[in-house]
Amino acid sequence: MKKLLLHTCCAPCAIYVAMKLKEDYKVTLFFYNSNIYPETEYLKRYNEIKKWAEKEKIVMIQGEFDQENWFSKVKGLEQEPEGGVRCAVCYKKRLEETAKYASENDFHIFTTTLTISPHKKASIINSIGLKLSEDYNIEFIEADWKKQDGFKKACELSRQQGFYRQEYCGCKFSIRE
Ligand code: SF4
C-alpha cells in the first residue's frame, strides 16, 4: 500500500477524509497549522485530533508551531476577507510544509483535508498542491472533499464523535468573520 501524508487542520475536517483515504492508502496525519491563534486554540484542536488518531491507530505527526513565521508570510494581508489572498498564502505555507515532510520521509503521496470546508475553494488549493507536487517531486491527490455530500457526512461523523467544533477558521484575523 502506498504511503500517504494527509495534511489536516482539525478533527471535524479530518475524520471523513482520513477514513476514505484509508481504504486505499497507508495514511499518516500531518498537523501543521502555525496559522491557528491563539496557542490555546491550537492546542485544543491538536489534542482533539490526536485523541481520535490514537483511538483509530493512525499515526499523526505534529509539525512545528511557528506562528512568527506565519505572521511574517501574511504581513500586509491582515484586512483580506476570508477566501482572499491571505488564505492562498496560508494554504501554500501549510501545503508546502506537508510536501517537504512527505518528500523527505519516503511518502509516495501527499494531500490535504482543507477542501472539505464550504468556505474554501478547491481550485485554489488544488493548483497550489499540483505546483508543490512538481517542486518536491511527489504525487498530490487533487480533491474537493465537500462534494458528494462530503461536508454533510463529515459533520455527521463529527457529531457522532462529539468533537470540539471551532467557531472560526483559525487565524487571528478570521476571529472577526
Ligand atoms: S482565514 Fe483561515 S485559511 Fe485564511 S488565512 Fe486565516 S486561517 Fe488561513
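The largest nonpolar core of the predicted model comprises 44 residues, and those with the most contacts inside it are L4, L6, A14, L29, I49 and F110. Such a core is a set of buried Ala, Val, Leu, Ile, Met, Phe, Trp, Tyr and Cys residues joined through C-beta atoms within 7 Å. A residue is taken as buried if 20 or more other C-beta atoms lie within 10 Å of its own, as exposed if 12 or fewer do, and as partly exposed in between, with C-beta atoms placed from the backbone. At least two residues of the core are supplied by each of strand 1 (3-7), helix 1 (11-22), strand 2 (26-31), helix 2 (39-56), helix 4 (85-104), strand 4 (109-112) and helix 5 (122-136). Helix 1 provides the largest share, seven residues. Helices (H or I, at least four residues) and strands (E, at least two) are DSSP runs numbered from the N terminus.

Residues are numbered from 1 along each chain as its sequence is written. Because the model is predicted, local features require pLDDT of at least 70 and side-chain atom pairs count only at pLDDT 80 or more, whereas totals for chains, interfaces and linings use all residues.

The five strands form an open sheet in the order 3-2-1-4-5, with parallel pairing. Strand 3 (60-62) and strand 5 (139-140) are the edge strands, each pairing on one side only. Two strands are regarded as paired if DSSP finds at least two bridges between them. Strand 1 and strand 4 are joined in the parallel sense over four bridges; L4 stands opposite I109, and L6 has T111 as its bridge partner. Helix 1 packs on the sheet, where it touches strand 1 and strand 2, and its direction makes about 155° with that of strand 2. For such angles, axes are lines fitted to C-alpha atoms, for helices over the stretch in contact, and values run from 0 to 180 degrees between N-to-C directions.

Strand 4 is also parallel to strand 5, the two being joined by two bridges, and I109 stands opposite E139. Within strand 4, I109 and T111 point one way and F110 and T112 the other, and all are buried. With contact defined by C-beta atoms, placed from the backbone, within 7 Å, L6 touches V17, A18, L21, V27, T28, L29, F30, T111 and T113, residues up to four places away in sequence not being counted.

Several backbone features lie in loops. Most residues other than glycine have a negative phi, and most peptide bonds are trans. The peptide bond from Y37 to P38 is cis, with omega near -10°, and P38 is placed in the loop between strand 2 and helix 2. K57, in the loop between helix 2 and strand 3, has a positive phi of about 60°. K57 counts as exposed because it has 6 C-beta neighbours inside 10 Å. For D149, in the loop between strand 5 and helix 6 (150-161), phi is near 65°. D149 is likewise exposed, with 11 other C-beta atoms within 10 Å.

Notes
Two residues are in contact if their C-beta atoms, placed from the backbone, lie within 7 Å.
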